[in-house]
Structures are given as structure tokens and as C-alpha cells.
Amino acid sequence: MRPVEPSPTSWAFPPVESADRHGLIGVGADLEPGTLLNAYRHGIFPMPVGRRQVGWWSPDPRAIVPFDRLRVTRSLRRSLSKFEVRLNTAFVDVIHACADPRRDGGWITPAIVGAYAALHDLGWAHSVETWRDGELVGGLYGVAIGGLFAGESMFHHENDASKVALVALVEMLRSSAFALLDVQWCTPHLASLGAVEISRRHYLELLRPALEQAATALSWPALPRGQ
């Protein structure tokens with residue numbers, strides 16, 4: 001399905017160079033689909049400031065996962081056959097799991113959940129899910145625009161379940177001619193999987209051609225990995 005372009009936003013973001021040392025460029029605006037897409041197209045993403053206000057961020061440095069740097073350990077490779085991978089079959093369940101308030105550092109508010117569910121309905125936001133015995137046990141979600149995939153959050157209820165989702169995502173991005181996997185900030189967990197930091201300037205240099213790239217739709221066979 002070709003994504004549906006929403007009504008354009010009425011908000012204008014400050015230049016990313018105006019960000020403070022944490023990467024925050026401003027607070028406010030709304031989470032309408034047009035606003036979110038405009039933000040991603042300018043190298044900006046939302047994350048709440050407190051629980052009531054939306055912050056808009058463009059950190060320097062920025063974290064990406066180069067496809068050829070993805071680190072698949074021997075134990076993770078063994079885990080690939082333990083889970084069934086699905087695409088976009090339980091988006092709302094994935095984002096709710098990522099938003100679980102019991103998680104350390106949880107930041108996904110009900111407003112964020114609703115905003116990305118709306119993006120998903122328009123064909124822009126996607127979930128990659130790992131299942132075992134018919135139960136959702138891990139996954140991730142993010143936004144695809146052109147050849148950009150902007151990863152937002154991941155969760156797991158079993159060991160390696162979210163890592164398997166990331167491996168599957170990279171496989172899909174490669175086969176669908178995507179150019180850039182953005183993961184925002186480089187945490188130790190993401191670094192262990194191959195994420196690297198680049199300057200904001202370099203990120204924007206990679207972003208522009210990625211957005212113009214005519215990537216094909218993400219796809220994944222709904223079959224267990226071992227078959």
C-alpha cells in the first residue's frame with residue numbers, strides 16, 4: 001500500500017542548528033501526521049519533556065545502524081530460528097508494549113501512542129514483531145519515508161526477541177532498497193548491535209538522498225524463521 005500523504009502541518013520548526021546541547025530544538029506544536037512527517041523530513045523527532053509537553057529533538061551526535069555493521073553474535077544467530085517474524089500484524093500491541101510504564105526510562109505517552117497509530121493507519125509507521133507459540137514476545141516500531149527508516153522503540157518479553165526483530169528489519173530494509181536506519185541516540189544496547197554515532201551534519205547529508213530514494217514497500221513472509 002502506498003502511504004497516504006496527510007494534510008500539511010501549520011507549524012514551522014526552528015533550524016536544527018539551534019538545538020541545545022542535549023539536542024532539543026523546541027517544545028510545543030502538535031502530533032498530527034503532517035507535523036510528524038515534516039519533523040522526520042528535517043532530521044527531527046518527538047519525545048516528551050515531562051509528561052505534558054512534546055519536545056522536538058535533533059541530537060548531535062546522531063545514532064544510525066549501518067546495514068553492513070549489524071552485529072549478529074553466534075547466540076543471536078541461534079535465536080533467529082526460535083521466533084516467528086511478522087510485519088504490521090500487531091502495531092498497536094507493539095507500541096503499547098513499548099509504552100509499558102513499568103519499563104525503566106519509559107517515555108511513550110498515550111498521545112504518542114495515538115499519534116503513531118494514526119501514522120500507521122496512513123501507511124507510514126510500521127511494526128516488526130517476534131512471536132512464539134502464537135504470543136507476541138518482542139518487536140519494534142518506526143517510521144518509513146522514502147529510503148529512511150526511523151526506529152522509535154523496541155521491547156522484549158523473551159531473550160533476544162527484540163534483537164531478532166532488528167535483524168529482520170535490516171534484512172527487509174536491504175531487500176527493499178532503503179538507505180538509512182536512524183536510531184536517534186546510541187545506547188550501550190544499540191552499540192552492541194552495531195549502532196554508530198555520526199555528526200548531525202553527516203546525518204543530514206545522508207537523510208536528504210534517503211528521503212528522495214524510491215524504496216519499495218517493506219515485506220516479510222509470515223512464516224517461522226526456521227522454515
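Predicted model: local features only at pLDDT ≥ 70, side-chain atom pairs only at ≥ 80, totals over all residues.
1. Helix α4, its length. Helix α4 covers residues 110-121. It has twelve residues, and the distance from its first C-alpha to its last is 17 Å. That is close to the 16 Å expected at 1.5 Å a residue.

2. Helix α4, its buried side. Which residues of α4 are buried? They are I112, V113, A115, Y116, A117, L119 and H120. An α-helix has 3.6 residues a turn, so residues three or four places apart point the same way. A student can keep this in mind when looking at the two helix contacts described next.

3. Helix α3 against α4. The axes of α3 (residues 91-98) and α4 come within 10 Å, and the crossing angle is roughly 155°. Angles over 145 degrees count as roughly antiparallel, and α3 and α4 are therefore roughly antiparallel to each other. The crossing of α3 past α4 is right-handed. On the α3 side the contact is made by F91, V92, I95 and H96, and on the α4 side by I112, V113, Y116, A117 and H120. By class, these residues are seven nonpolar and two polar, with no charged residue.

4. Helix α1 against α4. How do the axes of α1 and α4 cross, and within what distance do they come? They come within 9 Å and cross at roughly 85°. Angles of 65 to 115 degrees count as roughly perpendicular, so α1 and α4 are roughly perpendicular to each other. From α1, the residues P33, L36, L37 and Y40 meet A115, Y116, A118 and L119 of α4. This contact has eight nonpolar residues, no polar ones and no charged ones. Y116 of α4 takes part in the contact with α1 and also in the contact with α3.

5. The loop between α3 and α4. I108 lies in this loop. Is I108 buried or exposed? Its relative accessibility is 4%, so I108 counts as buried. The C-alpha atoms of I108 and C98 are 7.4 Å apart, although ten residues separate the two along the chain. Beyond its neighbours within four places in sequence, I108 is in contact with R51, I95, C98, A99, V113, Y141 and S153. Of these contacts, I95 and V113 also belong to the contact of α3 with α4.

6. Positive phi values. Most residues other than glycine have a negative phi, and most peptide bonds are trans. N88 has a positive phi of about 60° and is not a glycine. N88 is in the loop between β5 (84-87) and α3, and is partly exposed, with a relative accessible area of 28%. D160 is another such residue, with phi near 70°. D160 sits in the loop between β8 (148-156) and α5 (161-175). With a relative accessible area of 18%, D160 is buried. Just after α4, the glycine G123 has a positive phi of about 95°.

7. A cis peptide bond. Where is the cis bond involving P61? The bond runs from D60 to P61, and its omega is near 15°. P61 is placed in the loop between β3 (53-57) and β4 (62-64).

How values were computed. Residues numbered from 1 in each chain as written. Heavy atoms only, no water. Axes fitted to C-alpha atoms, helices over the stretch in contact; angles between N-to-C directions. Helix = DSSP H or I, 4+ residues; strand = E, 2+ residues; numbered from the N terminus. Parallel < 35°, antiparallel > 145°, perpendicular 65-115°, else oblique. Left-handed = near helix turned anticlockwise from the far one by under 90°. Contact = heavy atoms within 4.5 Å. Nonpolar A, V, L, I, M, F, W, Y, C, P; charged D, E, K, R; others polar. Buried < 20%, exposed > 50% of the residue type's maximum accessible area, 1.4 Å probe, protein only. Expected span 1.5 Å × (residues − 1).
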